[in-house]
Amino acid sequence: MFSGALSLDLQGIEARIVDIEVDILKGLPAFTIVGLPDSTIKESRDRIRSALENSGFDFPPRNFIVNLAPAGIKKQGANFDLPIAISILNSTGAIDTPKTMPMVGELSLNGMVKPVRGILSMVIRLYKDGFNSLIVPFDNRFEAAAIDEVKIFPVKTIHEALEALEGNIDAFTHKHSLNKKKSYGDFSDVKGQETAKRALEITAAGHHNILLYGSPGSGKTMLARRVPSIIPQLTKEESIETSMIHSIEGSLNKEQGLITEPPFRAPHHSSSDVSLVGGGTYPTAGEISLAHNGILFMDEFIEFKSNVIQALRQPLEDRFITVSRAAGTTQFPSDIILIAASNSCKCGHYFDSEIPCSCTPNQIQNYFRKISGPILDRIDLEVLINRVPYKDLMEHHNEESSESIKERVMIAREKQMKRFLNSKTSYNSLMNSNEVKKYCILDVHLENILEKAMKRMNLTARSMYKILKVARTIADLDSNDEISQSHLLEALAYKNLQNNYNW
């Protein structure tokens, strides 16, 4: 007897609907799954048989064939265990549930329904395709309830799934809060470093990339790890988009469901390019995509392998990553703020006023040359950080708090939101060339200053546009509609790496 069910699987961060078709054929007992299943799906045959028998159902010795349609697309994961089991029960006549409902879930050998990855993407796919209900594993209930338009029925066992199909279980509802705060360090803890604090405020306000370089122990890492404390929480749309990526990686907090704060990712400098950009036989997200709508902090930036640093070029420019494999091509979003930190030379003391540098001139010149020109062009601000003098460290005057800085950042972001209301652009750093010409207007005097700076600093066109975007953000922080000379000069001052090294 033929039976069917609906389920979903993942391709990148997107989900797609899969038809589960089960039929019993004449012939010797067998259990065949077709439709380009991966090894995990093939192994589900033994899981399903054991789960059904331990749930009190008979698994008759028949010739079962299961088709996963569309048959021409490769499928992966344990999402289909539950719908296949329900379809088998229908095909053998063990149950009679004419009502159909999409469902996903991995089965344990004792018949319990275990959580799966990518539930949020699946719910969004169902909503887009006009479905209004889904049976999910109990541990996925908070994540699945993010989309109010789709009714969620969380189940722990096969029997509960049958109860849901018969309408004997109420839909699960959960009110997601965007006000949960994570504990970050506060900028009031940082003594001195006013230039660096100002640069990081600009970074947060305009979504700019920044490079912090200087002596060991000068506070680069401490400053970077406090940036999340001055970035506003994610909007509902950003929260869902970010959570989708973490959902497919299985890293969501099952009690909270949605990620409500900008993620902060800090990969080790020994990380490979695949771990950074994503990959694998079936492409998965890397650290860059996991930092989407948040911060990617790359400490000891020069110590990363050259191919890893070069892998940043596309995501920093396009704000997405394309991963091509034999199984297909997948795109992952990567709208990030890059915060890179590095010593000033091999020994780290080139700009140190207290400890002499032990590097040779060639070592000093070649140290930062590992970062290619195209990568430097994609970094908006370059900030030299020196040690804070002992006297300043011991002073007891109050430093500005993160909350105070965050208020200015939010005001600047609100100005950008109004500016780009009818555009796909969200922040100053993402402006295209036409928008730069429209919103970064300079008078004749300022154009002369910028022209002279380009010649003296040997800047590329991309770097010039970066400077204008930073100047626009500085003006927004000052609540000015026009870019003034002080705004432009401050933006130029943050493009100082080549000048400091006399390249």
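A search of the whole structure finds zero disulfides, a disulfide being a pair of cysteine sulfur atoms within 2.5 Å. The structure is a predicted model, in which local features need pLDDT of at least 70 and side-chain atom pairs count only at pLDDT 80 or more, whereas totals for chains, interfaces and linings use all residues. Residues are numbered from 1 along each chain as its sequence is written, and side-chain values use heavy atoms, with hydrogens and water left out.

Accessibility is described here by relative accessible area (buried under 20%, exposed over 50%, partly exposed in between; 1.4 Å probe, protein chains only). C357 is partly exposed at 27%, while C359 counts as buried at 13%.

The interior was examined through nonpolar cores, defined as sets of buried Ala, Val, Leu, Ile, Met, Phe, Trp, Tyr and Cys residues joined through side-chain atoms within 4.5 Å. The largest nonpolar core has 60 residues, of which F301, L312 and F368 touch the most other members. Helix 3 (residues 119-128) gives the most to this core, with six residues; helices (H or I, at least four residues) and strands (E, at least two) are DSSP runs, numbered from the N terminus. Contact means heavy atoms within 4.5 Å. When neighbours within four places in sequence are left aside, the contacts of F301 are I309, L312, A340, A341, S342, I371 and I375. A second, separate core contains 51 residues, including A205, A224, I337 and I449.

Five strands form an open sheet in the order 10-13-16-9-17, with parallel pairing. Two strands are taken to pair if DSSP finds at least two bridges between them. The edges are formed by strand 10 (264-265) and strand 17 (381-385), each of which pairs on one side only. Strand 17 pairs with strand 9 (residues 210-214) in the parallel sense over five bridges, and L211 stands opposite E382 of strand 17. Helix 6 (residues 194-206) lies across strand 9, strand 16 (337-343) and strand 17, and runs at about 160° to strand 17. For this angle, axes are lines fitted to C-alpha atoms, for helices over the stretch in contact, and angles run from 0 to 180 degrees between N-to-C directions.

The backbone was also examined in the loops. Most residues other than glycine have a negative phi, and most peptide bonds are trans. The peptide bond from A69 to P70, however, is cis, with omega near 5°. P70 is located in the loop between strand 4 (63-69) and helix 2 (81-92). A positive phi, near 65°, is found at N293, a residue other than glycine. N293 belongs to the loop between helix 10 (287-290) and strand 13 (295-298) and is buried, with a relative accessible area of 11%. N458 also has a positive phi, near 55°, and is found in the loop between helix 18 (444-457) and helix 19 (461-477). N458 is exposed, with a relative accessible area of 61%.

Side chains of opposite charge can pair when their charged atoms come close. The structure holds 22 salt bridges, each being a side-chain nitrogen of Lys or Arg within 4 Å of a carboxyl oxygen of Asp or Glu. One of them joins R408 to E400, with the closest N and O atoms 2.5 Å apart. Both residues are partly exposed, R408 at 28% relative accessibility and E400 at 36%. In another, the side chains of K455 and E451 meet at 3.5 Å, N to O. K455 and E451 are four residues apart in helix 18 and are therefore separated by about one helical turn. K455 is exposed, with a relative accessible area of 65%, whereas E451 is partly exposed at 42%. A salt bridge also links D129 with R125, their closest N and O atoms being 3.3 Å apart. D129 counts as partly exposed at 40% relative accessibility, as does R125 at 21%. Together with E14, R125 and D129 are linked in a network of salt bridges.
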